[in-house]
Amino acid sequence: MLRHLMYKIKSTGPITVAEYMKEVLTNPVKGYYMHHDMLGEKGDFITSPEISQIFGELVGIWFISEWMASGKSPAFQLVELGPGRGTLIGDILRVFSQLGSVLKNCDISVHLVEVSQKLSEIQALTLTEEKIPLERDAESLVYMKGVTKSGIPISWYRHLQDVPKGYSFYLAHEFFDVLPVHKFQKTPQGWREVFIDIDPQVSDKLRFVLAPCATPAEAFIQRDETRDHVEVCPGAGIIIQELSQRIALTGGAALIADYGHDGTKTDTFRGFCGHKLHDVLTAPGTADLTADVDFNYLRRMAQGKVASLGPTEQQTFLKNMGIDVRLKVLLDKSHEPSMKQQLLQGYDMLMNPKKMGERFNFFALLPHQRLQSGSPQMNACQSKPSASLPVAGFDELAWR
């Protein structure tokens, strides 16, 4: 990968951070995501679903709660962007099965957006019924099809726009933080984009440099920006616009969970290898690259087509979703001391402010009418009588 990048820079000149991230993470031949199973204990990072089943269960309950609050549609699509190993969607589908009496007349289908062949194979192993062979067609927009263990049709796509339009619930968990970002530094001459070049002192080393003049991506910076260093992600804006148009047109909701901030942070671009921070310019292709999500930018990109909620810190969202109640049920059911220990450690990792509790945020996109008066009164758990039902996780719910 380093050799490939050196050749590219020598041929065309310094490259943007966005181009560097795109090459390092998703280059078809050498890209980090294309050929690695980077998740779990043996990988480079662990995500919330890998830490505790409770996380996925509560996300599943969120979707059911929103389905009920918006009128119990007879069918919906569950769409996940970047599903990892399929652990999260597996936990959600288990909740759907357990609450089969609630969903019994609803026609559900699962749609996964995944660019990595390696990860799509792992997802299929995790989620699909072995006895029913997968249909594969590399040339088709739907490159793989099957049936989940609970009998729900499941399809794989490379891009969100290839997923059929229709009443859908969208999930993006640790998806936006790996989309390529452009980095900018404020200088006396105005904003200058950060590029990556070959170090003239060390022939096989890369370094950051500033562009000598303005670049096109500068258009994404707000006129009233007060920070002296910003990261912008045009790709995230395009996806948010697509989600917003779909939700405004056909209903549903999107739940986004990620490391991020509300337009306050500056330099968040970093690498992870073997669960440790890794220099982003060293040994490209061997480490994950990530940048915190700017939720303020996502909100702007929705352009008022839909309502947005959050960002809400993970510890608040999960507490509102009833994580303490669920933990107690699982601890009471568990007779193995090691299992209890695992549950408590998982809870601590998710909720502790020094771990993921405050660093991880939830953000939702909903149709405007969902938050206006006159929403159908069909929710099983409601905090106070009001014209529109509270949105689970973003409001404190009293369970009954």
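Visitor: Before we look at sheets, what makes two strands a pair here?
Guide: Two strands pair if DSSP finds at least two bridges between them. Please keep in mind throughout that this is a predicted model.

Visitor: Okay, so in what order do the strands of the sheet with E13 run, and is the pairing parallel or antiparallel?
Guide: That sheet is an open one of 3 strands in the order E14-E13-E15, and the pairing is antiparallel. Strand E14 (276-278) and strand E15 (288-290) are at the edges with a single partner strand each, so one side of each has no neighbour in the sheet. On average, neighbouring strands of this sheet are turned by 40° against each other, direction ignored.

Visitor: How many bridges join E13 to E14?
Guide: Strand E13, which covers residues 270-273, is joined to E14 by 3 bridges, and the two run antiparallel. If you want a place to look, Cys273 stands opposite Lys276 in E14.

Visitor: You mentioned a cysteine; how many disulfides does a search of the whole structure find?
Guide: The search finds 0 disulfides.

Visitor: And the other cysteines, say Cys106: buried or exposed?
Guide: Cys106 has a relative accessible area of 12%, and because buried means under 20%, it counts as buried. Cys213, by contrast, comes out at 46% relative accessibility and is classed as partly exposed.

Visitor: Switching to pockets, which residues lie nearest the centre of the second largest pocket?
Guide: Those are Glu231, Val232, Cys233, Asp294 and Tyr297, out of a lining of 25 residues. The elements that contribute two or more residues to this lining are strand E11 (229-232), strand E16 (293-294) and helix H10 (295-301). H10 gives the most, with 4 residues.

Visitor: How much space is in there, and what is the lining like by class?
Guide: The second largest pocket holds about 260 Å³ of space, and its lining has 13 nonpolar, 5 polar and 7 charged residues.

Visitor: Which way do the E11 residues point?
Guide: His229 and Glu231 point one way from E11, whereas Val230 and Val232 point the other way, and all are buried. As background, side chains in a regular strand alternate between the two faces of the sheet.

Visitor: What does E11 pair with?
Guide: Strand E8, residues 182-187, is joined to E11 by 4 bridges, with the two running antiparallel. Within that pairing, Phe184 stands opposite Val230 in E11.

Visitor: What about the hairpins around E5?
Guide: Strand E4 (residues 135-136) pairs with strand E5 (residues 142-147) in the antiparallel sense over 2 bridges, and a hairpin of 5 residues joins E4 to E5. The bridge partner of Arg136 in E5 is Met144. E5 in turn pairs with strand E6 (residues 153-157), again in the antiparallel sense, over 5 bridges, and Lys145 has Ser155 in E6 as its bridge partner. The E5 and E6 hairpin has 5 residues between its strands, and Gly151 in the turn shows a positive phi of about 85°.

Visitor: Which residues other than glycine have a positive phi?
Guide: Among them are Glu174, with phi near 50°, and Gln303, with phi of about 55°. Glu174 sits in the loop between strand E7 (168-173) and E8, and at 14% relative accessibility it counts as buried. Gln303 lies in the loop between H10 and E17, and at 48% relative accessibility it is partly exposed.

Visitor: Where is the cis peptide bond that involves Pro311?
Guide: The cis bond joins Gly310 and Pro311, with omega of about 10°, and Pro311 lies in strand E17 (residues 307-313).

Visitor: Now a helix: how many residues of H2 are buried?
Guide: Helix H2, residues 17-26, is mostly covered, since 7 of its 10 residues are buried. They are Val17, Ala18, Tyr20, Met21, Glu23, Val24 and Leu25.

How values were computed: Residues numbered from 1 in each chain as written. Predicted model: local features only at pLDDT ≥ 70, side-chain atom pairs only at ≥ 80, totals over all residues. Heavy atoms only, no water. Disulfide = S-S within 2.5 Å. Buried < 20%, exposed > 50% of the residue type's maximum accessible area, 1.4 Å probe, protein only. 1 Å grid on protein atoms, 1.4 Å probe; cavity = no way out; pocket = protein on both sides within 12 Å on 5 of 7 lines; lining within 4 Å. Points joined across faces, edges and corners; volume = space filled by probe spheres on them. Nonpolar A, V, L, I, M, F, W, Y, C, P; charged D, E, K, R; others polar. Axes fitted to C-alpha atoms, helices over the stretch in contact; angles between N-to-C directions.
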